[in-house]
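Visitor: I would like to learn how to read a few local features. Please take them one at a time.

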Amino acid sequence: MTTMRAAAVEQFGPAENLTLTELPVREPAEGEVLIRVAAAAVNPPDLGMREGRYRWREPVRFPLVPGWDVAGTIEVGTADLPVGTAVIAVTAHSQTQAGGYAQYVTLPAGYVAPAPAGLDWAHAASLPLAGLTARQALAVLDLAPGDRLLVNGPLGAVGGFATQLAARQGVKLVTQGPADAALDVIGGITAKKAFAAVRDGGRYVTVVPEFWVPDGQFASARGIEPITVLVEPDGGQLAELSKLAAAGELTTRVAERLPLENAAQAHRRLAVGGVRGKLVLIP
Ligand SMILES: NC(=O)c1ccc[n+]([C@@H]2O[C@H](COP(=O)([O-])OP(=O)(O)OC[C@H]3O[C@@H](n4cnc5c(N)ncnc54)[C@H](OP(=O)(O)O)[C@@H]3O)[C@@H](O)[C@H]2O)c1
């Protein structure tokens with residue numbers, strides 16, 4: 001059996017629980033591909049997952065390798081994604097429990113898209129989760145050119161992609177109300193302020209799940225219905241984002257590259273806040 005290095009937890013808890021270990025490489029089933037991971041971005045959901053604050057489709061199987069974002073090379077492929085193709089993917093970790101903090105990951109081929117040409121691995125790995133989340137949140141907001149959109153965390157990854165994508169659609173980005181729509185990427189009191197900035201009958205979407213920020217979700221008011229968007233893996237949408245990134249029309253940001261063995265350190269730094277751009281693990 002082939003094994004790989006991975007950062008994994010044996011039980012939920014603090015960052016110290018995330019340690020380097022040796023795990024079997026899972027053989028791809030029908031319709032799946034095996035990716036040799038070149039870079040894995042660290043995302044806020046990875047921290048919640050490590051702490052056990054997560055909703056899973058199936059009971060959790062330990063050791064659990066976190067990580068939603070990967071960039072790498074196809075090792076076992078399909079006709080559309082042959083061996084050697086440079087790719088990016090979301091792991092849809094809450095569904096697959098297949099994490100990116102490892103030398104290899106096995107995923108459904110439908111989650112995978114060609115990597116953005118011209119970007120290095122770390123920048124490529126910073127695109128999938130936040131890019132797809134932003135794209136899908138904007139689709140739900142269904143904005144028209146000229147609409148006024150407030151994004152309450154435009155410096156973050158999801159907020160940054162959302163503002164770039166919205167601007168391409170001719171949407172006007174505003175920092176205060178009245179707005180036709182708001183996208184919350186922060187939760188809590190900041191989410192309530194964003195909601196309050198939306199005009200009566202406008203639209204409001206949050207990407208911060210209620211089960212993480214209990215105060216972040218609230219009832220409909222003034223004809224505005226709060227909608228929570230949870231990302232869905234979609235290789236086709238990811239391919240579109242990849243092309244935009246390759247064309248320089250979508251900018252990804254990397255704060256720092258760290259070796260896989262520093263995964264716990266990356267989690268601690270993300271928890272403190274103030275990181276601008278993604279922390280990216282290199283296995
Ligand atoms: N629904 C989904 O499917 C989905 C998918 C991906 C991510 N998410 C969620 O989306 C959120 C953003 O993710 P991300 O990848 O964009 O994270 P990120 O890149 O770390 O950005 C988060 C941004 O929000 C800022 N921020 C955090 N708390 C703040 C506060 N109280 N006031 C003002 N600014 C604040 C951060 O600034 P500081 O660092 O300075 O605090 C940072 O600029 C996270 O909650 C994540 O869990 C949801």
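Visitor: Is Phe195 buried or exposed?

Guide: This is a predicted model, where local features need pLDDT of at least 70, side-chain atom pairs count only at pLDDT 80 or more, and totals for chains, interfaces and linings use all residues. Residues are numbered from 1 along each chain as its sequence is written, and side-chain values use heavy atoms, with hydrogens and water left out. Buried means under 20% relative accessible area, exposed over 50%, and partly exposed in between (1.4 Å probe, protein chains only). Phe195 has 7% relative accessibility, so it counts as buried.

Visitor: With which residue does Phe195 form an aromatic pair?

Guide: Rings of Phe, Tyr and Trp (its six-membered ring) pair if their centres lie within 6.5 Å; planes under 30 degrees apart are stacked, over 60 edge-to-face, and the rest tilted. The count here is 3 aromatic pairs. One of them joins Tyr54 and Trp56, a tilted pair at 5.1 Å centre to centre with 45° between the planes. Phe195 pairs with Tyr204 edge-to-face, at 5.1 Å centre to centre and 70° between the planes. Tyr204 is buried too, with a relative accessible area of 1%.

Visitor: Which residues come nearest to the ligand?

Guide: A residue is near a molecule if one of its heavy atoms lies within 4 Å of it. There are 22 residues around the ligand, and Val207, Val229, Val231, Gly274 and Lys278 come nearest.

Visitor: Which atom of Lys278 lies 2.8 Å from an oxygen atom of the ligand?

Guide: A polar contact is a pair of N or O atoms within 3.5 Å. For Lys278 a polar side-chain atom lies 2.8 Å from a ligand oxygen. Val231 uses a backbone N or O atom, 2.7 Å from an oxygen atom of the ligand. A polar backbone atom of Val229 is 2.8 Å from a ligand nitrogen.

Visitor: Where is the cis peptide bond that involves Phe62?

Guide: Most peptide bonds are trans, and most residues other than glycine have a negative phi. The bond joining Phe62 and Pro63 is cis, with omega about -5°. Another cis bond runs from Gly177 to Pro178, with omega near 0°.

Visitor: What is the phi of Ala92?

Guide: Ala92 is not a glycine, yet its phi is positive, about 50°. With a relative accessible area of 0%, Ala92 is buried. Gln97 also has a positive phi, near 60°, and is buried at 9% relative accessible area.

Note on methods. Polar contact = N/O pair within 3.5 Å; in protein donor to acceptor, adjacent residues only side chain to side chain.
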